Amino acid sequence: MPGTKITDEDRQRIDIKFICTLCNLLLYIPFQTMCGHLMCKSCVENLLESKNPKCPEDGEELSKEKIFRDTFTKRELNALHLHCANPGCSWRGTYEQLEGHSEVCEHALIKCVHSQCQMKLQRSDLGEHLKSECEYRHLKCEYCGQDVAFASIKEHVDTSCEGAPVTCRYCKKDVLRKDIEKHERRDCDEVPATCEFQAVGCNHDKTLKRKELRQHLFDKLIDHVRLLLQYILTIASQLSNYIPRPEFTGIMQKIRDDITEVRSGLAEKFVMVVGKLTGLERRIEGLESSGGGDTGRIRNELQELKSKTRDLTTECDNLRERNMSLEREVRDKVSIIDRLRSRMDQMDESLALNTVKITDLESQRGPRAQQAIHSYNGTLLWKIESYQRKRQDAINGVKTALYSQPFYSAQYGYKMCAKIYMNGDGFGKGSHLSLFFVVMRGDYDALQTWPFQKKITMMLLDQGNGDHMIDAFNSDPQSSSFQRPKSDMNIASGSPLFMPLDSLNNRQYIKDDVMFIKIIVD
C-alpha cells in the first residue's frame, strides 16, 4: 500500500523527511536510496518495475542494490503522535497505533462488501446500508425462502420463483408456478380440447372446454363405440386385401387375429346394447297402445332411479369431502411434527449456547484465565477429553453435539467457535465424525466487514507422527452462515463427512482418551 494519509496539521508539524518522495504521503515501511531519499516500500517496488527507474527527487538511477530498508527511520516514525485523518474522528495516538485504529475507525470511508455496489461510505454507516439501502443486499423471497439480491427480487418473482403465484391463462385462477404445468395439463376445466374420437369419424369438430368434453364423451358413448367398431372393420377389410412380404406374414397374422378378437367383443356388446334399446322401444310402444295403464308405475320407477342417482352423487360428494378433510388432518399433523422438531433443535442450540456462555464467564475471572481460555490470533486448539464417554453419549442421543470455547480472529475481531458431532450428523450420522465452523455474535461485530470472508482450515491432529487429517474451505459470502449474526450464533458450516469413524484407529488421533481439534482462520 502507498503512504499513510495524515491531517494538514500533522503535515505542518512533523519533519519533511517523513514524507515519501514519490507519493507525498507519510512513509509506510520506509526504504532509503543510496542518494539519501526516503520512499514507501510499495512506492519503491512500483518504481523498480518501471523501464528506467530513477529517484524522483534528483534523477539518480536506481536498482535493488542501491535501496535498503531504513529501520532507524521506522523507529522515529513509531514515536510520532498523529491525528486520525478521517473527517469527524477525534482519535490521537502514535504512528504505530494508527494502522490498528484505521482498520476499525467508524469515520473511515470503505467500500460496500458487495462487489457490484460501487458505494463508498463511512464504516459506521455500513450496517444500515446493508440492511436497508444497498441494491445488492440479500433478502429472503417471501414465496420460496431463497436468498435473492434486492435488485433482482422482482425479476426473480416474475420469472423463476417456483413458489410465486401465476395466473392460469385459461381459468384465470392463481396457481403456484411449480404447479402451473400440471394444472393446465390435467386439472384446469377451461383448457380447450377436441374430441379424441374425431379420428374415427366423430363429427363434433367444435373446440370444447375440458369440462364440456367430459359431458360430450358421456353423452355420445354409444355413438363413439359404433364409430370405433366401423373404423376397425374398415381397417380389417383393407388389410385382408393386402399381400404382405413373406417376412411380415407372421406379424400380419397376429394383427389380424387381434382385430378379429376386438371386433367380436365389440360386436357382441354393440348387439347387446341395440337389443336393449329395441326392447325398451317395444315396451314403450306396448304401454302407449294399452292406454297408458302402467304409465304411473313407470314414472315411479324413473323417480326411484333418479333418487338412487342423487343418493350416489351425495355419497360421492361426502367421500370427496372426507378425503379433503383427511388431507387437511395429515397436513396439520406434519406441521405439528415440524414445529416439535424445530423446538427440539432450538433446545439443543440453547444448551450448547449456555455451555459457551459458561466458558465466557470463566474467562472473566481474570487476565490469566482469559489468556488460557481464549485465542486472539484466528487459531483454535481444542482439547476434547474423555473421548470414549462423549462418543457413547452421542450414540445414545444424550448429547450429540459439542461446542468448543470461543476464539477470535484478532483482539477486536470476529468471534468464532467449532462444533463437533461425535457420532456424525446428516449424511455422516453413524459413520463419520462431523466437524463444523460457527460464526458467533461478538462485541465488535459493528467494526467487522460482512459477510465473513476467510479461509477456514479444520484439522484432526495426529498425536504420533503428525499425519493430521485436514479439510479446508473458503466461506461462501452468499450463505446465511457467514452473514452478521442476528442471534448468539449462525448456522454451522463445515463437513458432515469429515473423518470416517473406522479410520480413527489408523493413526494416533485418539491417545489416552484425548482428541485434539485445530481450526485456523486466515
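This dialogue goes through several features of one predicted model.

Visitor: What should I know before I start reading?

Guide: Residues are numbered from 1 along each chain as its sequence is written. The model is predicted, with local features needing pLDDT of at least 70 and side-chain atom pairs counting only at pLDDT 80 or more, while totals for chains, interfaces and linings use all residues; side-chain values use heavy atoms, leaving out hydrogens and water.

Visitor: Which strands make up the open sheet of three strands, and in what order?

Guide: Some terms come first. Strands (E, at least two residues) and helices (H or I, at least four) are DSSP runs, numbered from the N terminus. Two strands pair if DSSP finds at least two bridges between them. Here the order is 2-1-3, with antiparallel pairing. Strand 2 and strand 3 are the edge strands, each pairing on one side only. On average, neighbouring strands of this sheet are turned by 35 degrees against each other, direction ignored. Such angles run from 0 to 180 degrees between N-to-C directions, using axes that are lines fitted to C-alpha atoms, for helices over the stretch in contact.

Visitor: How many bridges join strand 1 to strand 3?

Guide: Three bridges join strand 1 to strand 3 (residues 67-69), and the two run antiparallel. Strand 1 (residues 30-33) also pairs with strand 2 (residues 38-40) in the antiparallel sense, over three bridges. Take Gln32 as an example: it stands opposite Leu38 in strand 2 and opposite Phe68 in strand 3. Pro30 has Cys40 in strand 2 as its bridge partner.

Visitor: What lies between strand 1 and strand 2 in their hairpin?

Guide: Four residues lie between the strands of that hairpin, and Gly36 takes a positive phi near 90 degrees.

Visitor: Where are the edges of the open sheet of four strands?

Guide: That sheet has the order 14-22-19-20, with antiparallel pairing. Its edge strands are strand 14 (379-384) and strand 20 (469-474), each of which pairs on one side only. Neighbouring strands are turned by 15 degrees against each other on average, direction ignored. Strand 19 (residues 455-460) pairs with strand 20 in the antiparallel sense over six bridges, and Ile456 stands opposite Phe473 in strand 20. As a general idea, side chains in a regular strand alternate between the two faces of the sheet.

Visitor: Is Ser475 buried or exposed?

Guide: The words have cut-offs: buried is under 20% relative accessible area, exposed is over 50%, and partly exposed is in between, with a 1.4 Å probe and protein chains only. Ser475 counts as buried because its relative accessibility is 8%. This residue is in the loop between strand 20 and strand 21 (493-500).

Visitor: What does the side chain of Ser475 reach?

Guide: A polar contact is a pair of N or O atoms within 3.5 Å; within protein, one must be able to donate a hydrogen and the other to accept it, and residues adjacent in sequence count only if both atoms are side-chain atoms. The side chain of Ser475 reaches the backbone nitrogen of Lys454 at 3.0 Å. A polar atom of that side chain also lies 2.9 Å from the backbone oxygen of Phe452. In the wider sense, contact means heavy atoms within 4.5 Å. Not counting residues up to four places away in sequence, Ser475 touches Phe452, Gln453, Lys454, Ile456 and Phe482.

Visitor: Which residues does Gln463 touch?

Guide: Gln463 is in the loop between strand 19 and strand 20. Apart from residues up to four places away in sequence, its contacts include Gln508, Tyr509 and Ile510. The C-alpha atoms of Gln463 and Tyr509 are separated by 5.9 Å, though the residues are 46 apart along the chain. A polar atom of the Gln463 side chain lies 3.1 Å from the backbone oxygen of Tyr509. Gln463 counts as partly exposed because its relative accessibility is 24%.

Visitor: Where does His224 lie?

Guide: His224 lies in helix 9 (residues 221-240). It is buried, with a relative accessible area of 2%. Leaving aside neighbours within four places in sequence, His224 is in contact with Cys195, Phe197, Cys202, His216 and Leu217.
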